[in-house]
Amino acid sequence: MRKTILVLAVLTALVVASSAQAYVLLSPKRTWASTPVTVEVNNTGNSTIADGDGGVGQTASAIGAWSNVRSQVTGARATRGDGTPTIELDANGHICTGSCLAATLTGYYHQNSDGSYTIDDADVYTNQRYSYTSEKEADGCSGEFYIEGIMVHEVGHVIGIGHSDVPGSTMYPSVGYCDNGPASLAKDDSDAESDLYSGGGGPGPGCTDADGDGYCADVDCDDGNPKVYPGANDTKGKQGRDGVDNDCDGKIDG
Amino acid sequence: MRTTATRLVYLCLALVMALPMAASQFLDVPFDEMVSGSSAIVRGTVVGPVTSAWDASGEVIYSYATVRVDEYITGSGPGLIRIREVGGTVGDYTIQAIGFPELRSDENVVLLLTGWDDGPEYRIHSYSKGKYILRENAMGPMLFLDQQTQGSRTSANAKRAAQQPDYSLDEFKVMVRAIVGARDARAEQNR
């Protein structure tokens with residue numbers, strides 16, 4: 001019995017501890033063509049934020065935490081493909097619903113002749129289902145999400161950064177009520193930004209991914225084949241019976 | 001003895017489930033709420049190609065996948081179902097909704113599903129937390145929460161993560177059915 005408890009406790013602790021790594025860049029790695037990136041904040045604020053302008057000013061100020069970003073308040077709405085990254089505080093874009101607080105649509109990227117990728121557009125949408133607040137609200141926070149922290153995180157995606165496993169970093173994936181910690185960049189976040197915009201080069205810390213399948217060469221048993229990676233289908237269908245160890249488990253078609 | 005050990009297993013599993021999962025600014029919904037909020041939970045395989053298309057407004061690209069359902073763990077329905085998710089590529093344009101799930105051909109999956117307001121297709125409930133990859137290992141069929149969400153790149157721990165299942169299929173089914181049973185019992189009491 002005691003042995004069972006000990007084993008379970010160790011296993012649980014291992015799972016918890018295994019999550020801390022470093023920043024992760026979006027796949028494929030991509031940047032804006034020029035900096036600073038001007039991110040527009042639509043001037044229709046969020047109706048749940050009672051700070052005078054629905055969080056618009058606070059958002060515009062907060063996202064300047066990224067050194068390669070400047071903000072601009074505008075009356076223009078997010079338009080996909082227009083080349084202007086725009087934050088909508090009062091619209092879910094028909095995509096950020098249910099348990100989604102805010103979502104970044106980043107697409108419209110193209111590959112350059114040297115193999116690198118350039119972002120052409122990205123927009124941020126907010127779910128109206130939840131209540132938000134800002135540091136400027138007089139009544140503090142109760143059961144709400146800080147808009148500053150949320151938007152600094154989303155703009156991290158806008159400029160090409162994915163989620164980090166470092167607790168306390170801006171790009172850590174989850175956020176709780178009344179937690180504005182993400183509004184301040186941690187070293188991990190700054191490192192990610194520097195990797196993208198200071199000639200850091202490479203697909204990420206200690207990772208090369210030649211075939212672009214999302215798995216680094218140190219775990220991808222064939223980094224020249226995008227259909228081969230840990231966890232790929234290797235048992236069923238055409239790919240599963242192709243005479244290749246698609247899932248890198250050492251067994252062909254199994 | 002066995003009952004106590006079993007409870008400890010479920011307690012540890014619950015602790016693991018409470019850890020924040022990789023998702024882009026999502027509310028951390030407890031597992032029992034995810035299950036209760038799903039219209040169906042299915043085990044099946046993505047068949048055929050995953051296709052993408054602009055919506056009628058020309059503003060959003062959605063991807064469409066067909067899943068052959070081998071088992072309805074909860075709910076009921078046809079043997080082939082259609083799932084729509086935000087994101088995809090049409091011509092030169094790619095839209096990625098960061099942290100949103102994506103389906104790939106030939107994947108063996110367990111999906112928590114809900115409906116769309118504007119169409120007949122299903123969507124994956126609770127975004128990336130509603131999709132598990134089903135794989136067999138030495139201990140039998142295992143479920144792995146899919147970490148390959150849109151825009152994601154796995155890190156050097158990918159191999160280890162791919163080898164660490166979240167649950168066995170049997171454990172998952174027991175937990176889900178217990179949650180649904182409790183929910184139905186509460187509903188009956190409240191009548």
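Over the ring of which residue does the charged end of B:Arg135 sit? In this predicted model, the ring belongs to B:Phe144, and the charged end of B:Arg135 lies 3.9 Å from its centre.

Chain B comprises four helices and ten strands. Read from the N terminus, the order of elements is α-α-β-β-β-β-β-β-β-β-β-α-β-α. The chain has 191 residues, of which 52% are buried. Among contacts in chain B with a separation of 6 or more, 63% join residues 24 or more positions apart.

Aromatic pairs were then examined. A pair of aromatic rings is described by the distance of the centres and the angle of the planes. Over all chains, the count of aromatic pairs is eleven. One of them joins B:Phe31 and B:Tyr167. Their ring centres are 6.1 Å apart and their planes meet at 50°, so the pair is tilted. This pair links distant parts of the chain. B:Phe31 belongs to helix α2 (residues 31-37) of chain B, and B:Tyr167 to strand β10 (residues 167-168) of chain B. The two residues are 136 residues apart. Both B:Phe31 and B:Tyr167 are buried.

B:Tyr167 also pairs with B:Tyr132. The centres of these rings lie 5.8 Å apart, with the planes at 50°, so this pair is tilted. It too connects distant parts of the chain, as B:Tyr132 is in strand β8 (residues 131-137) of chain B and B:Tyr167 is in strand β10 of chain B, 35 residues apart. B:Tyr132 has a relative accessibility of 3% and therefore counts as buried. For B:Tyr167 the relative accessible area is 5%, so this residue is buried.

In chain A, four residues form one aromatic cluster: A:Tyr130, A:Tyr132, A:Phe145 and A:Tyr177.

Helix α4 of chain B spans residues 169-189, 21 residues in total. The distance from its first C-alpha to its last is 30 Å. This is close to the 30 Å expected at 1.5 Å a residue. Several residues of α4(B) are buried, including B:Leu169, B:Phe172, B:Lys173 and B:Met175. B:Val176, B:Ile179 and B:Val180 in α4(B) are buried as well.

Conventions. Residues numbered from 1 in each chain as written. Chains lettered and ligands numbered in written order. Predicted model: local features only at pLDDT ≥ 70, side-chain atom pairs only at ≥ 80, totals over all residues. Heavy atoms only, no water. Phe/Tyr/Trp six-rings, centres within 6.5 Å; stacked < 30°, edge-to-face > 60°. Buried < 20%, exposed > 50% of the residue type's maximum accessible area, 1.4 Å probe, protein only. Lys NZ or Arg CZ within 6 Å of the ring centre and 35° of its normal. Expected span 1.5 Å × (residues − 1). Contact = heavy atoms within 4.5 Å.
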